Structures are given as C-alpha cells and as structure tokens.
Amino acid sequence: MASRYMHDPGKDHWEAVRWILRYIKGTVDVGLIFEKDIADKQECTGYVDFDYAEYFDKRRSTTGYIFTLFLAPVGWPCTLQSTVALSMTEVEYMALTEALKEAIWLQGLMDDLEIEQDFLLVHCDSVSAIYLAKNQVYHTRTKHIDFKYHFV
C-alpha cells in the first residue's frame, strides 16, 4: 500500500514506512517452514478476497489472494484492480479470475516440479462470484464486465 505513493510521499506515508521497517526489524528471526501434511492430500491451496472501492484516490478496488504450498505461503499479491467496478459482484468476479489464473500457473509449476496433485483448491467467500462463474446464463446480465474476466 505504501509503495503506491512512492512518486510523491507525504509525512503520513513516511510514518507508515517507519512502522513497516520497525516491524521487519522485530521479526527478522521469523521464517517459513515447508512441511507436507500427511493427513491433507491437498498440497497447494488458495484463498481469494477483495476490498471494494477502498482506494480513495481513484475509487478502484483491491484484489488479494494467497496460495500455500505444504502449509507455507508461496504467493500473496495484493493489487489494485485495473478498472473501476460497477458492482460488488464485478469486484468479486475480477478477484476470482486473477486468483484462478495464478492457480493455473501454480498447477503447471507443480507439474514441472513433479509434485503430484489432482486438483488445486481455491477458496472464495463470495456466493455471487461463485454463481456467476458456475452459471453461464448470468453472463447476459453482466455484459458490462470486461470479457477477459469471463475466463473463469
């Protein structure tokens, strides 16, 4: 979030960066441990969420997702969406699309590393985005959503 203001930081931004650096200094000895969970056959799992129109400067929404491999996080981007969404469903659907593109890439990476996994599970708490992804009939009501997001 702080990096969005690198071109013209204010005093509040510098305070936020100081807080971040203090946090990092205090957690230098913390690390990630990759362990295979014997009980859980699902080695890689994703979680997706969003924040609707949180970025006040341009009224764009934020997409965030995290993927874990062997119970440790391996990817956790938090990005500003490229367009202004007209509805909560559109924001959720756009976030789900971005997470699923990452899931497909991770599945290919795991194939290259010869990590056997039948499927990659992505958790989404948005019922409307899930219904929109599953039921193609809804697409006639959502023509305003950019075609690239119907990738789901």
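**Surface, salt bridges and core**

Mentor: Happy to. Trp19, Ile20, Leu21, Tyr23 and Ile24 make up a nonpolar patch on the surface, and together they have about 560 Å² of accessible area. Keep in mind that this is a predicted model.

Trainee: Where does Ile20 lie?

Mentor: Ile20 is in helix H1, which covers residues 11–26. Its relative accessible area is 35%, so Ile20 counts as partly exposed.

Trainee: And how much accessible surface does the chain have?

Mentor: About 10,600 Å², with 59% of that belonging to carbon and sulfur atoms. Of the chain's 152 residues, 32% count as buried.

Trainee: Switching to charges: how many salt bridges does the structure hold?

Mentor: There are two. In one, Arg18 pairs with Glu15, and the closest N and O atoms are 3.2 Å apart. These residues are three apart in helix H1, so about one helical turn separates Arg18 and Glu15.

Trainee: Are Arg18 and Glu15 buried or exposed, or something in between?

Mentor: Partly exposed: Arg18 has 46% relative accessibility, and Glu15 has a relative accessible area of 36%.

Trainee: Which side chains meet in the salt bridge at 3.3 Å?

Mentor: Those of Lys101 and Glu98, with the 3.3 Å taken from N to O. Both residues sit in helix H2, three residues apart, or about one turn of the helix. Lys101 is partly exposed at 38%, and Glu98 is partly exposed at 24%.

Trainee: What else does Glu98 touch?

Mentor: Thr63, for one. Leaving out neighbours within four places in sequence, the contacts of Thr63 include Glu98, Ala95, Asp49 and Pro77. Thr63 is found in strand S2 and is buried, with a relative accessible area of 2%.

Trainee: OK, now the inside. How many residues are in the largest nonpolar core?

Mentor: It has 19 residues, and those with the most contacts inside it are Cys44, Val48, Phe67, Met110, Leu120 and Val122. Strands S1 and S2 and helices H2 and H3 each give two or more residues to this core. H2 supplies the largest share, seven residues.

Trainee: Why would nonpolar side chains be gathered like that?

Mentor: In soluble globular proteins, nonpolar side chains tend to be buried together.

Trainee: Which residues does Cys44 touch?

Mentor: Not counting residues up to four places away in sequence, Cys44 touches Phe67, Thr68, Leu69, Leu106, Met110, Gln117, Leu120 and Leu121.

Trainee: Last one: what pattern does the chain follow along the sequence?

Mentor: α-β-β-β-β-α-β-α, with three helices and five strands.

Definitions and conventions:
Residues numbered from 1 in each chain as written. Predicted model: local features only at pLDDT ≥ 70, side-chain atom pairs only at ≥ 80, totals over all residues. Heavy atoms only, no water. Core = buried A, V, L, I, M, F, W, Y, C linked by side-chain atoms within 4.5 Å. Buried < 20%, exposed > 50% of the residue type's maximum accessible area, 1.4 Å probe, protein only. Helix = DSSP H or I, 4+ residues; strand = E, 2+ residues; numbered from the N terminus. Contact = heavy atoms within 4.5 Å. Areas by Shrake-Rupley, 256 points an atom, 1.4 Å probe, with all protein chains shown as cover. Patch = residues over 30% accessible without salt bridge, like charges linked within 9 Å, V, L, I, M, F, W, Y side chains within 5 Å. Salt bridge = Lys/Arg side-chain N within 4 Å of Asp/Glu carboxyl O.
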